[in-house]
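Please look at the sequence and the structure first.

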Amino acid sequence: MSEAGEDWAGRSAAAAEDAGLASFAAGGALFVWDPAAERPHPANAAAEALLGGRPNLPAPTRQRLNLLAQGLASLDGIRLERLRLTASFAAVPATCGCKLVALPGGQAVLALAVQASELRRLGIAVPPAPPAAPARPATIRFLWQSDRDGRLTRLSETISALAGESASAGLIGQSWQDLLGQAVIDSDGGLIERFASPATWSGHRVLWRTETPGEAVPVELSGVPVLDAGRQLSGFRGFGMARLNERLPFPEAEAEEPVVADEDISDAPGPDELSHQPEEEAEEIAASPSADEPPETETETAESAPEAPEPDLPPGRIVPLRNGHPTAIRPVLEPSKSHLSSAERNAFREIAKALGARLTDDEEPGGPRLPPVAPLQVREKQVPPAEVEAAVPARQRNSHAEVLDRLPVAVLVNRDDEALYANRTLLELLDYADLADLKAGGNVSRLIKDAARTDGGAMTLIDRLGHPIGVDAVLSSVNWQDEPATLMAFRQSRDDCRTVPPATPEEAEEAELAAEFAAEEAESAARVEALRLDAEARDARIAELTAMLDTATDGVVTVDDRGRILSLNKAAEALFGYDQREVTGELFTLLFASESHAPALDYLEGLKGGGVASVMNDGREVQGRVRQGGRIALFMTMGQIAHGAEPRFCAVLRDLTAWKKTEGELVEARKAAEIASAQKSDVLAKISHEIRTPLNAIIGFAEVMAEERFGPIANERYKEYLRDIHQSGGYVISLVNDLLDLAKIEAGKLDLDFVSVNLNEIALSTVSLLQPEAQRGRVVLRSGLSPKLPPVVADERSIRQIAINLISNAVKFTDAGGQVIISTALGDQGEAILRVRDTGIGMDDDELKLALEPFRQVPATRRAGGTGLGLPLTKALVEANRAAMAITSVKKEGTLVEITFPPQRVLAS
């Protein structure tokens, strides 16, 4: 194995030994991510079965894993992600647990775990896992209690998982002072001083020696003062949280040399002299950088405590004083630890007061309550702000943020609607990676549902996924970065985990701590369940969309930016005769005939360019090639479906075989109709020519005989016959002319002379021409013309014939006493309208359709005679003049005919 292979094998082994990942995977797949090569390294057989020899993951998955490896994942907990681990068309995302695993060299590697149930859902055969030893818990919690002297009086049994069975049995009876340096290292400093003040404290970090020699784990301690019947401090009780997966070396204490006094002990001042030192010297002691608390705190505590025999102190911690009495001093803090300035300590005290007040209000009615503690009178040397800024390093100015990060309470600092700081507890509660990620999700008003409330109390927070989280809030004003801001402290509500108050304060504390732990576990389980349900819904939606694509009749082909086939749906497989696995990775021109290769590639390049070709996407007609060797006509529409580093395109292919066949049939039918129309026109023209010559002779001779030019006609009946012959001949000539005009219009060969036509003049001349006919039928013929009607572009002869046909029909089918009105008007859109309205017999819809067909007559109108060409010929002439005819008729009420010339055919006046 190469050196690089051994390195990744070691990293895989470190991931497999991680307690959190081991409990999450539980026989599933486990692998580590290589950001440099962008490939996964399997850590067990299940991971090899999952990857299936395909170490190259899809581009979105690789990008997401790189972000997780750069810090989006956490060293403390497991982050759930939905990732696609295969590049197939129907790839289903898998739920993965992501965690950064610390390596011995100080680096971190991203490890991913997929549970066995998830592998079975994906259809992956899970190999049987070898029997493993019981997993060691990643975090344990224990309860403790100490008396007035700081001696431990009670410890939970879970402490044995931290210190071992033998060492845990000897902890009862030892004081915290005795444990320091032997079993506990005070990382934060000032642990003993916390037991001298009756104030609640939490998040104090120490290193606790384990049963393994030279090894320790970080432990966070929290304490609550216990008061006796006289409201005096009688001890502390609290809980500790040990992170067993964070193993650190335990610094062995070096032997300290006894401090030898340089001056005679007899010269040391007495206790009274020590308590009455000059004020200047006391201020210097208060400003000493090695002190965590002002010396007055210890003095007041010592004065208020009853006299006690001097304890036996270790030699390394004895300093001879002037009065000869030794006293214990606190161990000097390591120079690498950051110390708080006086201003920062005051700010933290204000935060602690606000949080302590909230915790006190939430205690059970039966539990002990703390009396109000007067603030300690600490005298500090007044230093100008400029000197303070110059003397305090930048890392110490930000130490209050480090302290807030260790609080088990969620803290948010904001100014107006802008978030300035969020501690780790709040980020984990709302599922954000850091402050920048929280700001990207929205402003403060989006995070807090009840944003209008400013008095604190019950509130609702909105996490990354939009889920509500009930919290109890405490609000206060602080000075953040030399400007006023608002500090909000949140603690998750415990409405669902209330229990009956126990009888004793100790049991109440244990129940309260257990309720808090249960609430945290319930919240985690609820969030995991919500993620699982969301994942199932997404998987169902993806399966539904995949099934929809497979049931579509059009073929769908997915290609990359180089034209390589990524996937085919079922319809495309049936269309071309290829299986998806056979053509994956091939150029999609494999599916087209040779003459369609260039159009298909040009189509793809046009979409990639993002220019006009990508906007004017109207598809292409191509020739497809099936596997068996045939060709099919296809219509291809292509579009881009994925952007970024690896764009993807989707081609939709529709079979045009049936459409092409129908199109050919329609073309043939149109050609046959055109030939038939031409033949009909020829027949009508010949008939017109053949009939017109004898009819003209008949009409002419009838006129000569009726005028008696060559002599009188003795019998009067002969004159009547001559008039009938002349009238019948004129009717036949009119019929032949109508037939010829109709045939020319249908064939598109009617010669029209488009000029400026005045509709009012034509209407008046038509009324004058047909007035005698109306009078004979005792029908009132009137006109209503618009004086401002502009002329229209039309053929004057055909417009005159249209007016004559309409008025003649109206007079013919209107009974005596009825009216016929011809009018003109200018429409709202600038169109010119010619209307003919009558009060005649009218028609229903069926009769109107029949009247518009050539040589068809309405049964009710046959008594008036006619050939049935009036309305069809009129409609054809109207359309030939680029106008529109509309007929509205009601039975026994009348008919309205409107001829509308569009604005394009109306001349400007």
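## A residue in helix α30

Leaving aside neighbours within four places in sequence, Thr874 is in contact (heavy atoms within 4.5 Å) with Ile802, Asn805, Leu806 and Met885. Thr874 has its place in helix α30, residues 870–880. Helices (H or I, at least four residues) and strands (E, at least two) are DSSP runs, numbered from the N terminus. At 0% relative accessibility, Thr874 counts as buried. Buried means under 20% relative accessible area, exposed means over 50%, and partly exposed lies in between, with a 1.4 Å probe and protein chains only.

## The model and its confidence

This is a predicted model, in which local features need pLDDT of at least 70 and side-chain atom pairs count only at pLDDT 80 or more, while totals for chains, interfaces and linings use all residues. Residues are numbered from 1 along each chain as its sequence is written, and side-chain values use heavy atoms, with hydrogens and water left out.

The predictor's confidence in each residue, from 0 to 100, is the pLDDT. Its average over the protein is 75, and 73% of the residues score at least 70. Over residues 254–339 the pLDDT stays under 50, and the model has 77 contacts beyond four places in sequence for them. Residues 496–503 also have a pLDDT below 50, with seven contacts in the model beyond near neighbours in sequence. Where pLDDT is low, the predicted coordinates should not be read in detail.

## Overall make-up

The secondary structure comes to 30 helices and 31 strands. Of the protein's 909 residues, 37% count as buried. Among contacts between residues at least 6 apart in sequence, 56% join residues at least 24 apart.

## Helix α27

Helix α27 covers residues 759–776 and has 18 residues; at 1.5 Å a residue it should span 26 Å, which agrees with the 26 Å between its end C-alpha atoms. The expected span is 1.5 Å times one less than the number of residues. A kink of about 45° lies at Leu770, shortly before the proline Pro772. The bend at a residue is the angle between axes fitted to the seven residues ending there and the seven starting there.

Asn758 caps the N-terminal end of α27, with a side-chain oxygen 3.0 Å from the backbone nitrogen of Asn760. The buried residues of the helix are Leu759, Asn760, Ile762, Ala763, Thr766, Val767, Leu770 and Ala774. After α27 comes Arg778, which has a positive phi near 55°.

## Nonpolar cores

A nonpolar core is a set of buried Ala, Val, Leu, Ile, Met, Phe, Trp, Tyr and Cys residues joined through side-chain atoms within 4.5 Å. The largest core has 42 residues, of which Val792, Ile807, Ile899 and Phe901 touch the most other members. Helix α28 (residues 796–812) supplies the largest share of this core, seven residues.

Which residues does Ile807 contact, leaving aside its neighbours within four places in sequence? They are Thr766, Val767, Leu770, Leu781, Ile822 and Val836. A second, separate core of 26 residues includes Phe142, Leu162, Ala163 and Leu191.

## Helix α4 and the strands it packs against

In helix α4 (residues 59–72), the buried residues are Ala59, Thr61, Arg62, Leu65, Asn66, Leu68 and Leu72. These buried residues pack against the strands β1 (29–34), β3 (79–83), β4 (94–102) and β5 (108–114).

## Loop residues

Arg231 is not a glycine, yet has a positive phi of about 65°. Its place is in the loop between β10 (215–227) and β11 (233–243), and with a relative accessible area of 40% Arg231 is partly exposed. Glu708, also a residue other than glycine, has a positive phi near 55°. Glu708 is found in the loop between α25 (657–706) and α26 (716–747), and its relative accessible area of 26% makes it partly exposed.

Pro251 sits in the loop between β12 (248–249) and α10 (271–275). At 39% relative accessibility, Pro251 counts as partly exposed. Not counting residues up to four places away in sequence, Pro251 touches Ile185 and Leu207. Pro251 and Glu215 are 36 residues apart in sequence, and their C-alpha atoms are 8.6 Å apart in space.

Technical notes. A polar contact is a pair of N or O atoms within 3.5 Å; within protein, one must be able to donate a hydrogen and the other to accept it, and residues adjacent in sequence count only if both atoms are side-chain atoms.
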